[in-house]
Every structure is written in structure tokens, then in C-alpha cells.
Amino acid sequence: MNLSEALLHALNQHGAREIFGIPGDYALPFFKVVEESRILPLYTLSHEPAVGFAADAAARIHSGLGVAAVTYGAGALNMVNPIAAAYAEKSPVVVVSGAPGKGEALRRPAAASPGQVARFAIPYLSGDHLRPGLPGRRAHRAGRDRARASRLPDLLAAGLPRVAARHGDRAVPAGGSGRRARVRRGGARCLRRRDPRALARGALRGADDRCRGAPFRLEEKVAELARRLGLPVVTSLLGRGLLADTDAPLLGTYIGVAGLPAITDLVERSDALCLLGVIVSDTNLGVSSTHIDLRMSIQALNRQVTIGHHIYPEIPLGPLVEAMLARLPAHSAAALDHAAAAYPRGLQADQAPIQPLDIATAVNDLMAAHGKMPIATDIGDCMFLAMDIEHTALVAPGYYATMGFGVPAGLGLQAATGQRPIIIVGDGAFQMTGWELGNCRRYGWDPIVLLINNAGWEMLRAFQPESKFNDLDEWRFADMAAASAARASVCAPAASWRALWRRRTAGAVTSRS
């Protein structure tokens, strides 16, 4: 077994299900092993940022590792933005980059010159063979130690070791008798609050507390916890899409003054808000109409529980939820009387211009007829539009707020799940990465793409409407679809939108055009 094969097996064992990549000179030997070994399926795209976004979406949707493979130098540097986004949003993505081997470095010193950006690559992932009989765990430790010794940027080099450590056999690290006691105390204190309300965020699938896979299945455990306590549950803006496939008493999404008054009041008046994986940020809590007193909250994030002024370190979210379940009776408590959010249905056919709510209504009608579909959205109006869509699996760059995420993320969803996704994207973001749709025919992907074309950077116009640089030219996107073997139409009034939507989405979930 060579090192590339050992790496692929290790990635698979730690939750990777596919690899997205773009080959290049120094990465060709690795790509050859990926293709011929078939340990993990390989999907190649057209530009490295799309590779990173697709791997990010795949990691989020199946709560495992996303893997991106690129080449040395320019290929790796093109990954900076998507990996920064994954790091910020706690999505576990591993980057495998080609680099000059030891022999090449000796023959061509310039190829490994420290004056270049070679530190971004991972030099120990060359084609060297492992010694016969070298166990995979020792191989992983050797790779981890060499990564640390090379002082690579934390967001890259620490990816595999962190994932390996937290997907290991022990939920609580070694020397954990004290930690286990902290888990029990933390769980007990969480349950002693008088009127707790739960708020969940994407760290249920995230990089620090990635416990949804074996042995925890964390989303299901959170749903069970809510049922036993009779607690209403809402997601934060960044956690939209969580718990969609569970029977949790899910009411909707908290977005402060921009959201439903009943949900806003429920969260802001709670005397013991239970924040499971919620990033305390302006995006999640900054839109509050009143000041949420975090001293009255229970925060579980980054392997730490904070209750008032008390901090309990080294408590992963999975063991915490299990400790709380262990202290509760097995039967469900009587649910509190709170109405779940009602989403718009029944698109009206009229001659009025299409509004964002019309798009959300059409998607709800589609899913009512054909079942839920996963959604990938870009940032801005696209993501806020999705708040009016029935609760379903959703990925979006809500915290890091990068543009260009939607289309490659949708491709990552279909590669990871086999389900036909809906992609909601604006014209500005589509100009960045929308052309990755040209790869769909090779892999049999058939996403439904809703492109909102307002010929400008609309969110920036809202901040600075007087600036002409926010105006974009009119791109004839529908005319370009044929080159990608796709079908597209332009809609303006709601009547034509409704007729086209019904015609094009007939059998949407099962068709493969």
C-alpha cells in the first residue's frame, strides 16, 4: 500500500465519501491513484474555488469530511477563500495538495524554494511508499507530526488531525475522568433551568462538535432531547436546514426583528435559552429587538459549555447531549403549545412582477407535490428568500458571506446525496461560479437552478444606492444554457413564471434530463 492509498482509506474511515478536485502537475500521481483505486469517487470541476465550495457542501450534508484535491502553488492558493469559509463556518474540509517530492526538490531546488508559497502545500503527501506492515494509525500519526513540524497554516494542516481526533473511539479524550464529571455536571445544570428554550445551529454538523455520525447521530439526539423535555426548538439563521429530517418540535428560524413575531418573542423572553452550537455573532443574534442576556443562556460551542459565569471546558456537544438524555425519563414530556411557522403555498398567476415570496411559494408548491429537496443558496437575497421555504436540508454561506457558493455547493449536494437539488443564486454570484453547470452532463447531475437576475449587486445597492458600480450589464443567461445541455427560460410576470414552473418541474424529483 502506498501513501496515497493509505490516505484515501484514512479519509474514508473518517467520514469522507467523495473527492472534488482539479489535477495539476505535482498532483498527477495522486489523482492517478484516486482514479484507479476507486476508494473514493472523484469529481473534477473547472476552477479551484468551486472545488472547495462543493467539498464544503458535501461535508455539511452528510456530516463527514469534505475532501478537495488540487495541485501545488496556484491550485492550492485558489483554495484560500473557500477553505477560509469552511473554517469560519465549522465545516470539516480537508485539502490535499500536490508538492515536489524529495527527489525533485534535490534536482530542482527552485521547485521547493522557501521564497515561494510552497508552505501552503503539504510536502509529506508525496508518492513515497509506506514500509510493509506499517499500521494505518502509525502512518496517520507520522503524517500529523510532519504537518505540525512544517508549520503549515492552521486551517489546512490541522484539518486531518482534528477530524481524526474527534471521530475517534472515545467521546471524551484520554485522562477524561475529570472531563466526564464536567460533562455530567454541565448536563445536570442545563436541566435545572426553569424555562429553557432550545436554539440550534450548524455546529450540530460542524467541525468542532462533528458528532452526527457514529457514535452520536447528534441531530436525532437533539430531537429526542427536545421531545423528552417538551421544548420548542428553533434554528438560528446559520443553522437553517438542521433537524429537517427529524421529528423535533421545530417551530422555525429565529431572525430577530426580520422574523415571525411569535418566534422572536419566544426566544427573546426565554429565561434559559439553550444555545446548542450557536455562534454568538451579529448574524445570529445581532438582529434582536431587545438585548438577549447571555448570562441567562446555556451555551455549548467549541467543546465548551458556558452557564452564566461558569465555564466547563473540554465538553463536546455529543457527550453533553447524551449526559442530559441519561438524566431524563425515557418518555416524552407534554409539548408546550406553540404553533410552527406557516409557509406560503399556492402561487397566484397574475401580471405582477415576480417577488422573492413568489419564488418561495413556487418551491413550496413543488415540494408539497414531489417531496422535499435539498437546497443550496448563495448569500444575500437568495438566502433570505429561503427562510420562506418549507424546512428542508439547506446549505448557505451565512456567516462568512462569500459569493459564488450556490452553484458548486448544489453540485456537491447532488454528488453527496444523489438527490436532485434546488440552487438559488443571483446574477452576480452566477457570473463567478455558475459556469460549473457545464460539468453536469458528465456526471448526470440535473439541479434546478433559480437565477435571480436584477442586473446588479442588489445587496450592495441597498447599502449605497447612489453608486453606479453596483450596476451590471444584462447577461442573457437563458441563451447560454444550451451550451451546457440545459434548458432555461426568462420569466417576469408571475403568470408566466407559474406556467413555466409547473411545466418544467413536472416529475422534478425523479426526472433525469
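1. Let's start at Leu-243, which sits in the loop between strand E6 (233–236) and strand E7 (250–254). Although Leu-243 is not a glycine, its phi is positive, at about 65°. Is Leu-243 buried or exposed? With a relative accessible area of 1%, Leu-243 is buried. Please keep in mind as you read on that this is a predicted model.

2. Ser-63 belongs to the loop between H3 and E3. Ser-63 is not a glycine either, yet it has a positive phi of about 55°. Its relative accessibility is 9%, and the limit for buried is under 20%, so Ser-63 counts as buried.

3. Now step back to the whole chain. Its secondary structure comes to 22 helices and 15 strands. Of the 513 residues in the chain, 54% are buried. Take the contacts between residues at least 6 apart in sequence: 71% of them join residues at least 24 apart.

4. On the H3 side, the contact is made by Ala-50, Phe-53, Ala-54, Ala-57, Ala-58, Ile-61 and His-62. H17 answers with Pro-408, Ala-409, Gly-412, Leu-413, Ala-416 and Thr-417. Sorted by class, the contact of H3 with H17 holds 10 nonpolar and 3 polar residues, with no charged ones.

5. H3 also packs against H5, at an angle of about 20° and with the axes 7 Å apart. How do H3 and H5 lie to each other, roughly parallel or roughly perpendicular? Angles under 35 degrees count as roughly parallel, and H3 and H5 are therefore roughly parallel to each other. H3 passes H5 in a right-handed crossing. Here Pro-49, Gly-52, Phe-53 and Asp-56 of H3 meet Asn-81, Pro-82 and Ala-86 of H5. The residues of the contact of H3 with H5 divide into 4 nonpolar, 2 polar and 1 charged.

6. Next, the interior. In soluble globular proteins, nonpolar side chains tend to be buried together. In this model, the largest nonpolar core has 28 residues, and Phe-20, Leu-45 and Trp-445 touch the most other members. At least two residues of this core come from each of H3, strand E3 (66–70), helix H5 (80–88), strand E4 (93–97), H17, strand E14 (422–426) and helix H18 (427–433). Which of them gives the largest share? H3 does, with 5 residues.

7. Leaving out residues up to four places away in sequence, Phe-20 touches Tyr-43, Val-51, Ala-54, Ala-55, Ala-58, Val-67, Ala-68, Ala-69, Gly-412 and Ala-415.

8. Finally, look for Thr-44 in strand E2 (residues 42–44). Thr-44 counts as buried, since its relative accessibility is 17%. Which residues does Thr-44 contact, leaving aside its neighbours within four places in sequence? They are Gly-21, Pro-23, Asn-439, Arg-442 and Tyr-443. Thr-44 and Ile-19 are 25 residues apart in sequence, and their C-alpha atoms are 8.4 Å apart in space.

Conventions:
Residues are numbered from 1 along each chain as its sequence is written. This is a predicted model: local features need pLDDT of at least 70, side-chain atom pairs count only at pLDDT 80 or more; totals for chains, interfaces and linings use all residues. Side-chain values use heavy atoms; hydrogens and water are left out. Contact means heavy atoms within 4.5 Å. Helices (H or I, at least four residues) and strands (E, at least two) are DSSP runs, numbered from the N terminus. Ala, Val, Leu, Ile, Met, Phe, Trp, Tyr, Cys and Pro count as nonpolar, Asp, Glu, Lys and Arg as charged, and the others, Gly among them, as polar. A nonpolar core is a set of buried Ala, Val, Leu, Ile, Met, Phe, Trp, Tyr and Cys residues joined through side-chain atoms within 4.5 Å. Buried means under 20% relative accessible area, exposed over 50%, partly exposed in between (1.4 Å probe, protein chains only). Axes are lines fitted to C-alpha atoms, for helices over the stretch in contact, and angles run from 0 to 180 degrees between N-to-C directions. Angles under 35 degrees count as roughly parallel, over 145 as roughly antiparallel, 65 to 115 as roughly perpendicular and the rest as oblique. A crossing is left-handed if the near helix is turned anticlockwise from the far one by less than a right angle, and right-handed if clockwise.
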